[in-house]
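Please look over the two chains displayed here before turning to the numbered points that follow.

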Amino acid sequence: MMITQAQQENIKEILWHNLKFRETFDELYDHILTSIERTETDEKLPYEIATDIIKNEFGGWEKLKELETSRQKEIQKHLRKKLWELMKGYFRFPLIMFTLLASGSFYYAADHLPRKVIMLVLFCTVMSPFIMWCRIAPINRWSKKYKASIKENIGERIGTLGFSFFNCFMFIPQLFTDQDSFSVINHLHASVLALVAVIYITHSLSAIRIFQEDLKVSLVS
Amino acid sequence: MLGEIMHSLVRYIDLLYICVMSTSPLLKGTLQTIILKLLDDNKQMYGYEITQKVKELTIGEIKLTEGALYPALHKLEAEGFLETYNEVVDNRVRKYYRLTHQGGQEVTSKLQEAQLFIEQLQLLLNLNSQTK
């Protein structure tokens, strides 16, 4: 069946308003248009065929919402589990050698170097997954043409987690007061700082791997 | 080995045909295996193509509903067995699914699992003598 541009736009608009995520929208729009194009009879209008497909093949709009929710949950669950597994990997042989070396070096540095340098290193560590998220972050989020993406949302959560903790506990307290007592980083014992750094480093490295493997984002072009 | 598995899978499709009175519950348990096998044979496919391929292979006897197909595809993708890539076809985005390395390994294990299940089912229900 031939489908006109106006008919395509009509179907697109209906799907756009009823679906939450870009992934589902793209997939469904293509599925429905392909189905209509391969329909041999002209008894029904494209809009009617699209409604029939949604109702009979997908089980209606409610089922589609469930499909979107379950997809989001599946991906979230898988990526969180993977992130956790990757982090745990840094505390098992052979990667524990790297972790021990990093924590030892950080303990030594925290004890001998100015805390501003330590803060800069921590900042760079938390910034790496954040930069990776920035590469896929939507710039037109408030535009009418923007549709949220499941992977972008998850990327945002993973990429900004370390950065948020860093802001809340280390960076922001110093912004609002000159009192040294509010500067967490200056008062932490070197061992605690080494522990914090190890958590940040393992989280950042695991997050980077998730961005590269699952979200197909690289740190450099 | 693969020939035996394929033979068993074809036999299973036959069994599904015989048990046509309740095709969908039987099909549901092996949906992932069917998807993985199709993608193993065809390298990359999109959702609509999979439904049509199943229809074609079973001569229209098994109809895979989209409501069952897409959750299965998404689950396999989330588990890392499938990966997707987009292509623009006729001014719209088409999402193709293909096996990952992990998915490629999973095909063999799922097919073996299916073969074992079919053999056990045949023994349990004594289907060989009944279908002759």
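1. Read from the N terminus on, the elements of chain B follow the order α-α-α-β-α-α-β-β-α-α, and in total the chain has seven helices and three strands. Helices (H or I, at least four residues) and strands (E, at least two) are DSSP runs, numbered from the N terminus. The model is predicted, and local features need pLDDT of at least 70, while side-chain atom pairs count only at pLDDT 80 or more and totals for chains, interfaces and linings use all residues. Residues are numbered from 1 along each chain as its sequence is written, and chains are lettered from A and ligands numbered from 1 in the order in which they are written.

2. Chain B has 132 residues, of which 25% count as buried; a residue is buried if 20 or more other C-beta atoms lie within 10 Å of its own, exposed if 12 or fewer, and partly exposed in between, with C-beta atoms placed from the backbone. Among the contacts in chain B between residues at least 6 apart in sequence, 55% join residues at least 24 apart, where a contact means that the C-beta atoms of two residues, placed from the backbone, lie within 7 Å.

3. How do helices α4 and α5 of chain B cross? The axes of α4(B) (residues 47-57) and α5(B) (residues 66-78) come within 11 Å and cross at roughly 120 degrees, the axes being lines fitted to C-alpha atoms, for helices over the stretch in contact, and the angles running from 0 to 180 degrees between N-to-C directions. The two helices are therefore oblique to each other, given that angles under 35 degrees count as roughly parallel, over 145 as roughly antiparallel, 65 to 115 as roughly perpendicular and the rest as oblique. On the side of α4(B), the contact is made by Gly47(B), Ile50(B) and Thr51(B), and on the side of α5(B) by Glu66(B), Leu69(B), Tyr70(B) and Leu73(B). By class, this contact has four nonpolar, two polar and one charged residues; Ala, Val, Leu, Ile, Met, Phe, Trp, Tyr, Cys and Pro count as nonpolar, Asp, Glu, Lys and Arg as charged, and the others, Gly among them, as polar.

4. A second pair in chain B is α3(B) (residues 31-42) with α6(B) (residues 101-125), which pack at an angle of about 130 degrees with their axes 9 Å apart, and that makes α3(B) oblique to α6(B). The contact takes Gln32(B), Thr33(B), Leu36(B), Lys37(B) and Asp40(B) from α3(B), and Gly103(B), Glu106(B), Val107(B), Lys110(B), Leu111(B) and Ala114(B) from α6(B). Sorted by class, there are four nonpolar, three polar and four charged residues in the contact of α3(B) with α6(B).

5. Two loop residues of chain B deserve a look at their backbone. Ile59(B), in the loop between α4 and α5 of chain B, has a phi near 50 degrees, a positive value in a residue other than glycine, and Ile59(B) is exposed, with 8 other C-beta atoms within 10 Å. Asp90(B), in the loop between β2 (82-89) and β3 of chain B, likewise is not a glycine and has a positive phi of about 50 degrees; Asp90(B) is exposed, with 11 other C-beta atoms within 10 Å.

6. Where the chains meet, 16 residues from chain B and 18 residues from chain A take part in the contact. On the side of chain B, α4, α5 and β3 (92-99) each supply at least two residues, and the largest share, seven residues, comes from α5(B). The residues of chain B that touch chain A divide into five nonpolar, five polar and six charged.

7. In chain A, the domain assignment, which is automatic or from a database, gives domain 1 (5-59) and domain 2 (73-213). The centres of these domains, taken over C-alpha atoms, are separated by 42 Å, and five residues of domain 1 are in contact with four residues of domain 2.

8. Is Glu23(A) buried or exposed? Glu23(A), found in helix α2 (residues 22-37) of chain A, counts as buried, with 25 C-beta neighbours inside 10 Å. Not counting residues up to four places away in sequence, Glu23(A) touches Ser149(A) and Ile150(A).

9. Finally, the peptide bond from Phe93(A) to Pro94(A) is cis, with omega near 5 degrees, and Pro94(A) is placed in the loop between α4 (61-89) and α5 (95-112) of chain A.
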